[in-house]
Amino acid sequence: MTTTTLAALVPLLPFLGAAAGLLVGRTAPGFARPLAVLPTLTSLVLAALVAVRQGGGAAVDSATELTPTGSVPIELALHIDGFAALVAVLVGLVASCVQIYSTGYLRSDPRYPSYAALVSLFTSAMFLVVYSGDLIVLLVGWEVMGICSYFLVGHYWETPEARAASLKAFLVTKLGDVPFLIGLFALATDAGSFRITRILGTVASGGLDHPTLIALLLLAGVAGKSAQFPLHTWLPDAMAGPTPVSALIHAATMVAAGVYFIARLLPVFEASQAAMVVLAVMAAVTMTGSALAALAQDDIKRVLAYSTIGQLGYMTGALAVGDRGAAVFHLLSHGAFKALLFLAAGVIIHAAGTNSLAAMSRMRNLRDRIPDAYWTLTVALLALAAIPPFSGFFSKEAVLGVAEHVVTGHTEHAPAAAGWLVLVAGLLTAVLTAAYAMRLWLLAFRGRGTEAPDHGRQPLTMTVVLWVLAVPSLALGGFAFRLLPDWFDGRDLGPTLTTSVLGTGMALVGGIVTYAAWRHTTALAARVPLGAVAAHPEGDAAQVEAEAIATHEPAYGDIAYAPDPADPGRLLLGPLHRHAAAGFHLDAVYTALFVRPVQAGASLVRFLDREVVETYVRGAGALPRWLGAAVRRAQTGNVQTYVSALLAGTVVLAVAAVLVATGA
Amino acid sequence: MHLAYPAVLSALLFCTGLYGVLARRNAILVLMSVELMLNAVNLNLVAFDVWLSKAARETLHSGQALTLFTIAIAAAEIGIGLAIVLAVHRNRGTSDIDKLRDTSERHDPDDPDHDARPAEQSDEAQKAEATA
Amino acid sequence: MTLAATAALLATGPTTGAAAQTHGFLSPTGVEIAFLLVGLVTFGAALVTVTTRQLVHAALWLVVTLGGLAVEYLLLTAEFIAWVQVLIYVGSVVVLLLFGLMLTRAPIGRSPDADSGNRWAALAVAVAAAAALVWVVVDAFRTTWIDLDGPAAGSTEATGASLFQNWVLPFEALSVLLLAALVGAIVLSRKAKAESSSPPVNAPGVTKSSRTVTQGSGSSEQEGAR
């Protein structure tokens, strides 16, 4: 088979799996698991094969136009360069891991068939986005991912949090998608084609008429999808979905699609200096803000969600300084270790019976219950904190190195201001990242107090996957920074001395300070009892998680916040803690700025409809109603009155007729 | 004889019957008034027939033939009418026309025919028994 | 104008004797005088029929009205119709009505509520209709003259010849109608029988008799009509 055929099969197989799963899921539940796992695994193998065949050489391009579609043609096109090949392998790997993990995590969920089918559909859409060489085909995958995300976030639709979160995720990402669509049209109109290769050719020859406008419009969609400031607010709430979904969609793949999209079209953005600066500001604000917020979250998954936002900020930062190699490098390593973090967090939530770090910090021996999760989570957190030699170190150093490269005067790709912004924010975030990673680890595994509840052994499918993902988290970076430049643009991705020392030092500082703070506060934990634990020794992990999410607000007063004086984050952040826990009140601001005016407008319209329009309607009905009432009074049921009226009318008519006939 | 005499008498009788139909309460008196109206018409028919049979050469005596028909039909009508009145009287306990107001828009609680209601209900009960 | 003429006619008709013109209203013939007198009696009896408060009296006054009409038919030389009128109306219909009054337990004597509340509206309608009709009729047939001399227009021979030469088909159709009326009366009675097994108001004996009478009278009246 040619590489093109293989590549076409990669998105097709999970799609067929999803269709078959939806069709037979209800009638033959036994097929649901194989139909979910096997196509995804096959796609992983095929994606790896495509990557080997492509081998970092010339991009594989193939296109077919099914039917004429008007002025700007839409083609079924593939464009597989090194980025696409490797990202597809990552998507396949994470999706396969998540599908296998889900068979254990939702093993007794009655809605598992539809869940698995939606995950397969999502995987297919993500492959489509990665491989597509045509922007409209890419958009199809982009929107299918959005709707799958909506359904999967709302998987526990019995809980109000999940319902609200799925709606919010859908609406906020769509808010970005509208300008994104307009941006795509503007871009295609300028370039005369939706094909990525032709667009890049047009940009290279300077044929783009409105680069800033197009770049900013596209940026809105990217900010929505990749959860960048100011459209990031949906991602922490989306943690109300099942943990595997968070791992796949909201950590490793879908949110990375925005970054991947910019990486594909980076020359378009580079054509506008303003867009690059906006991108840098967005990245810097996102990075630091989300890291601060992550330090204050109580829900373990919300910590990881803010962490995801921050790491995506690193990627956009790398793009803002004009190096897509570093961005995609960080995307790959982050996809691996963040998926691992989420899957391990799922195991922890199941074992602890709660998603609250405050409650976990009052549990003894949690790490002995789940040694696999303990070790793999440690590896992933070290990768997240960018401690050498874990993969996160190399990818993050690549980003910081590029920023420093720009700062030191190599501004052919990006303005120096963007370089400074990304470098400073990146270093600051490195401290904070290490701090919240340390806090999470300490609170989850070094708790003191009562024995952790016994939820039995974790299913094998869940623990094996953790180790599979631990391998790239541990070792990917060390090998990749030498190999990847061959696949990417060829620029060096190796760590430079300055940023390495600076970054690692910052991370160590953050970790040590947090540890000290924890030593200071941990004694308080025993004195302040806190926490609610969902104990379902027989139930599967999904049931425990759904209950934990549903009970967090009644138990602690807020979905993201717990009044825990033993939290080291509280000591470190000081007065900022409460604001950080609430995501710096961005939701409240949006409520005041957008939701309230819209609701006020809606109630105004309702008032107008009810009181003004309805008055006219009622007024129009009043006269017939009065007439009807009068006529009704005449309906006495007495036949004689009827006949009297009839004959009286007859006489009047007869007299009138006679008068007319005689001409009187 | 002037044709005006029987014609005027016929009109007056007709209107008298009309008044009776509209004003009488008892259904049988209403039937009597209907008879008056029919007779008024008969008189008209006979008078005009006599006039035409003398004035015109060819006539079918249609007026008198129709009068005979009318008389026969009136007799049938009075038989059926009386049977209906008796059936109503048996079911409702009254033959007063202005108490038969089932088609009125709304039954007042102090409706004059509410005393006939138990009879109606028991009648329905009997129907239910009959069907059962 | 015509109304006034009619009123004058009704008031002065019987007493006028002299004839000034050929067929003037002021010089009535003997037949006309007889017609007017009988007509007055008939009209008066009809008025009493529809106004009396005693129900049985109403039926009796109806006899007078119908009998008066029979005399009017005779005066118009329609003798066959006159006898049919006497036989059917005075002989059977009034008897039927009297039976009906008895079977519906009509009160003997004065009943104060013989007229419904609709009385004044009825009076207005009736007077208006009478005014309109009389005005039109008098206006139209003021000068029309019926020649009553010569052979009787409504002798049994003439009527019979007309009926069985020209009106055979309607006559036979009428027999079907009478049969339908007969069946209808029986059906109504039978229905009443099924329902009157334990009548709520009437005693069973009365109901039974009423049924038989209705049936019998229905058939007898049809025989009379034939």
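Student: In chain C, what share of the contacts with a separation of 6 or more comes from residues 24 or more positions apart?

Tutor: This is a predicted model, in which local features need pLDDT of at least 70, side-chain atom pairs count only at pLDDT 80 or more, and totals for chains, interfaces and linings use all residues. Residues are numbered from 1 along each chain as its sequence is written, while chains are lettered from A and ligands numbered from 1 in the order in which they are written. Two residues are in contact if their C-beta atoms, placed from the backbone, lie within 7 Å. For chain C, with separations of 6 or more counted, residues 24 or more positions apart supply 66%.

Student: And how many helices are there in chain C?

Tutor: Helices here are DSSP runs (H or I, at least four residues; strands are E, at least two), numbered from the N terminus. Along the sequence, chain C reads α-α-α-α-α-α-α-α. So the tally is zero strands and, for helices, eight.

Student: How far apart are the end C-alpha atoms of residues 55-74 of chain C?

Tutor: UniProt, in an unreviewed entry, lists this stretch under "transmembrane region", along with others including residues 80-99 of chain C. Residues 80-99 are 100% helix and 0% strand, with end C-alpha atoms 27 Å apart. Residues 55-74 are also 100% helix and 0% strand, and there the end-to-end separation is 29 Å.

Student: Now chain B: which helix gives the largest share of the side that touches chain C?

Tutor: This contact takes 70 residues of chain B and 95 of chain C. Helix 1 (4-23), helix 2 (27-55), helix 3 (62-92) and helix 4 (117-131) of chain B each give two or more residues to the chain B side. The largest share is 21 residues, and it comes from helix 3 of chain B.

Student: How many residues on that side of chain B are nonpolar?

Tutor: Ala, Val, Leu, Ile, Met, Phe, Trp, Tyr, Cys and Pro count as nonpolar, Asp, Glu, Lys and Arg as charged, and the others, Gly among them, as polar. The side of chain B that touches chain C has eight charged and 16 polar residues, and its nonpolar count is 46.

Student: On to chain A. At what angle do helix 6 and helix 8 pack?

Tutor: Helix 6 (residues 160-191) and helix 8 (residues 211-225) of chain A have axes 7 Å apart. Their contact includes A:Phe180 and A:Ile182 from helix 6 and A:Leu217 and A:Leu218 from helix 8. By class, the contact residues are 13 nonpolar, five polar and three charged. The two helices are therefore roughly antiparallel, packing at an angle of about 150 degrees.

Student: How close do the axes of helix 2 and helix 3 of chain A come?

Tutor: Helix 2 (residues 32-54) and helix 3 (residues 82-105) of chain A cross at roughly 160 degrees. The axes come within 8 Å.

Student: Is A:Leu216 buried, exposed or partly exposed?

Tutor: A:Leu216 is in helix 8 of chain A, and it touches A:Ala275 and A:Val278, leaving out residues up to four places away in sequence. A residue is buried if 20 or more other C-beta atoms (placed from the backbone) lie within 10 Å of its own, exposed if 12 or fewer, and partly exposed in between. A:Leu216 has 18, so this residue is partly exposed.

Key
Axes fitted to C-alpha atoms, helices over the stretch in contact; angles between N-to-C directions. Parallel < 35°, antiparallel > 145°, perpendicular 65-115°, else oblique. UniProt positions renumbered as here; feature names shortened; annotations may be inferred.
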